[in-house]
Every structure is written in structure tokens, then in C-alpha cells.
Amino acid sequence: MSEQKLEVFNVLNFLNSGYSIEQILNEGNFGTFQSGEDCVKYLIEEGYLEGEIGEISAESDSEALTAEEVSKKYTVAELKDLLRENGLKVSGKKQELVERLLPVLNGEEAESGEATLSDFDKSDDLKLTDKALDFVKDNDWIDLYMFALVAFRFEDYETYVNSSSDDKIETALNFCDEIISRALVANQFLVFIDALSAKAHVYAYNQDYDSFMDYDLQRYILGLNPIVMDAQTYATYDVINEANIINLKNVVEKLEIKNLKKRFDKIWNKSHITDITVPKKSCYKILQKAIGGADIEELNFDLKEKYFNRKFGI
């Protein structure tokens with residue numbers, strides 16, 4: 001039920017933000033719903049949307065093509081091209097090709113009487129009801145979850161929100177802090193840096209880009225200087241996270257930071273690194289290379305060869 005609540009909110013929130021039904025359905029990911037069409041039908045049935053969906057009649061407006069007509073109209077080469085375009089087999093005699101293509105040419109799916117994607121595309125009269133607007137307003141914390149906290153289970157965060165009396169920003173920051181504390185106690189390094197990144201994004205959601213920069217920079221520094229690292233974690237570990245670098249590059253440009261080194265030194269000291277893997281000077285030089293457009297995969301390979309493999313005995 002919680003997962004469906006998330007999906008319903010996302011669709012309604014996008015509609016409320018000015019997106020069209022067509023744009024939302026074209027995303028093509030609806031979790032517990034089998035299709036976007038099923039999702040929209042559910043929203044109408046539950047009273048979140050009002051309006052009519054154009055159903056296709058079981059009777060076609062034009063008469064169906066016969067096998068004989070198709071055979072006369074197309075050459076074998078043309079039949080094979082059409083089959084290939086529709087992901088169908090192209091082997092066999094001409095009559096076999098015709099029989100295989102006939103349902104496609106006659107729009108068999110459209111004749112089933114079911115509403116299809118194109119029907120919803122034309123449903124411009126679908127509108128959010130008061131129930132939908134209240135639902136979006138009452139659950140606006142889900143928007144923040146989608147922006148910053150998707151690394152963590154929706155059900156866990158929903159439970160945390162329901163037990164919090166703080167506003168949605170403070171609730172999200174406190175949630176991240178609790179995850180960070182538990183991860184440190186349990187030596188769960190990947191959870192720890194995911195929570196650091198999530199906390200940075202909570203600040204970004206609140207348009208506090210200075211704090212975003214500080215926490216994402218700390219995530220970079222500690223990514224190169226892991227608190228703990230076992231063989232299983234290390235096997236798939238990327239020392240430099242590409243998304244982290246993109247974030248840092250974007251915020252450096254947004255804030256027009258002229259002295260990144262000063263900012264870096266402040267966060268390095270704040271991180272209280274007691275077991276250095278990549279020295280501070282090298283850590284900063286690598287950051288400059290990464291932000292400057294160096295190949296992240298190559299940087300990761302070099303870092304593992306020079307600093308990580310020997311230290312972690314792998």
C-alpha cells in the first residue's frame with residue numbers, strides 16, 4: 001500500500017505541476033500498476049481525477065484488411081521490413097509473412113475495446129479533484145523523499161515522518177543523522193556515505209547550496225578515505241562516485257566558488273580523518289582532475305592501484 005501511495009502521489013504531483021497525462025504516461029514506470037493506463041484508471045475510480053477516457057470501439061471505423069489484399073499490396077521484401085519493424089520473425093513463405101503481419105496492420109490491439117496510451121493522450125479534460133489536491137498537500141513530504149532519500153526504504157521514511165513533529169526539512173535531516181549514527185556503529189560504510197549524500201540533497205531541496213556543497217564535499221573526501229572497508233564491499237566499490245562529482249561541479253559553478261581549496265581544507269578538518277587512505281594533497285588534486293573532466297573510471301583504477309589494493313589486502 002505504501003508503494004502505491006508513492007506512485008499515486010508522483011502522478012498527481014506531476015499533473016499539479018503542469019505536466020500532461022501524455023508526458024507522465026511516457027515515463028513508463030508505474031511499479032504496482034501494470035501500466036500507466038491502469039494507473040490513470042485507478043485515479044479516476046478513486047476520485048483523484050475527473051473526466052472521461054476515450055474508449056476505442058470494438059468495431060473498427062474501417063473494414064479490416066484481408067490476407068489477399070495484403071498479399072497484393074506488399075512484396076516479400078516489404079513484408080519482411082514491416083515484420084522487422086514490429087519485432088516479428090521474418091522467415092517463411094509469403095503467405096506465412098502475410099498471416100503474421102495481418103494482426104499488426106489491422107491494429108488488433110486497438111480493436112480489443114481496451115483504452116490505450118493514445119486514448120489517454122487525447123484526454124485533455126482530465127482534471128485533479130479536490131481530493132487529489134488535498135492528497136498532494138497532505139503528503140508533500142513525498143516530494144522531498146523522491147528528491148533526496150530514495151536510497152532508503154519508503155516505508156521506513158513514512159513511519160519516521162508520521163512519528164515526527166518537525167517540519168519536513170528538519171524531519172529529513174534528523175532521519176539522515178539517525179542513519180549516519182547507526183551506520184557508524186554497525187560499520188556500514190556504504191550506508192554511511194549514502195546518508196551523507198542524502199543529507200546534502202535535503203539541503204539542496206531547501207535551496208541551501210552552501211550546506212549542500214559542504215556535505216557533498218565531505219562525501220567525496222570520505223569516499224577516498226573510508227572509515228571501514230571489507231572485501232565484499234570493496235569488490236564493487238567506486239572510490240570516486242560520478243554523480244557526486246557532477247553535483248560538486250554544478251554547485252561550484254552555481255555558487256561561483258573561487259577558492260575551492262579553502263573550502264576543501266575546512267571540510268577535511270571537519271571530517272576528523274584518523275586513518276588516511278589518500279593523503280589530503282592528493283585527494284584535492286584528484287578532485288580538481290575529476291571536476292575538470294578527467295575520466296572517472298581511469299581515476300578510480302589509478303586510486304585502487306596506488307592506495308586501496310595494498311591497504312585493504314585485496
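At 44% relative accessibility, Lys266 counts as partly exposed, a class that lies between buried (under 20% relative accessible area) and exposed (over 50%), as computed with a 1.4 Å probe on protein chains only. The model is a predicted one, in which local features need pLDDT of at least 70 and side-chain atom pairs count only at pLDDT 80 or more, whereas totals for chains, interfaces and linings use all residues. Residues are numbered from 1 along each chain as its sequence is written, and side-chain values use heavy atoms, with hydrogens and water left out.

The side chain of Lys266 meets that of Asp214 in a salt bridge, with 3.4 Å from N to O; a salt bridge is here a side-chain nitrogen of Lys or Arg within 4 Å of a carboxyl oxygen of Asp or Glu. Lys266 belongs to helix α16 and Asp214 to helix α13, so this pair ties together parts that are 52 residues apart in sequence. Asp210 counts as partly exposed at 42% relative accessibility, while Arg263 is buried, with a relative accessible area of 15%. Asp210, Asp214, Arg263 and Lys266 are linked in a network of salt bridges.

In the structure as a whole there are twelve salt bridges. One of them joins Lys5 to Glu158, the closest N and O atoms being 3.1 Å apart, and it links distant parts of the chain, since Lys5 is in helix α1 and Glu158 in helix α10, 153 residues apart. Lys5, at 21% relative accessibility, counts as partly exposed, and Glu158, at 10%, counts as buried.

The protein chain contains 18 helices and two strands, assigned as DSSP runs (H or I over at least four residues for helices, E over at least two for strands) and numbered from the N terminus. Of its 314 residues, 42% count as buried. Among the contacts with a separation of 6 or more, 68% are accounted for by residues 24 or more positions apart, a contact being heavy atoms within 4.5 Å.

Glu158 is also one of the buried residues of α10, which are Phe154, Tyr157, Glu158, Tyr160 and Val161. Seen down the axis of α10, these residues fall within an arc of 160 degrees, so they line one face of the helix; the arc is that of the directions from the helix axis to the C-beta atoms. The face turned away from this buried side carries the exposed residues Thr159 and Asn162. The cover over the buried residues of α10 includes α1, α9 and α11.

Helix α9 (residues 141–148) has Trp141, Ile142, Leu144, Tyr145 and Ala148 as its buried residues. They cover an arc of only 155 degrees around the axis, which puts them on the same side of α9. Their cover includes α1 (2–16), α8 (130–138), α10 (154–162), α11 (168–185) and α12 (189–205).

Asn16 lies in helix α1 and is partly exposed, with a relative accessible area of 41%. Residues up to four places away in sequence not being counted, Asn16 touches Leu128, Leu133 and Val136. Asn16 and Leu133 are 117 residues apart in sequence, yet their C-alpha atoms are 7.9 Å apart in space.

The structure holds one cavity of 30 Å³ or more, where a cavity is a set of points, on a 1 Å grid over the protein atoms alone, at which a 1.4 Å probe fits but cannot get out, and lining residues have an atom within 4 Å of a point.

Note on methods
1 Å grid on protein atoms, 1.4 Å probe; cavity = no way out; pocket = protein on both sides within 12 Å on 5 of 7 lines; lining within 4 Å. Points joined across faces, edges and corners; volume = space filled by probe spheres on them.
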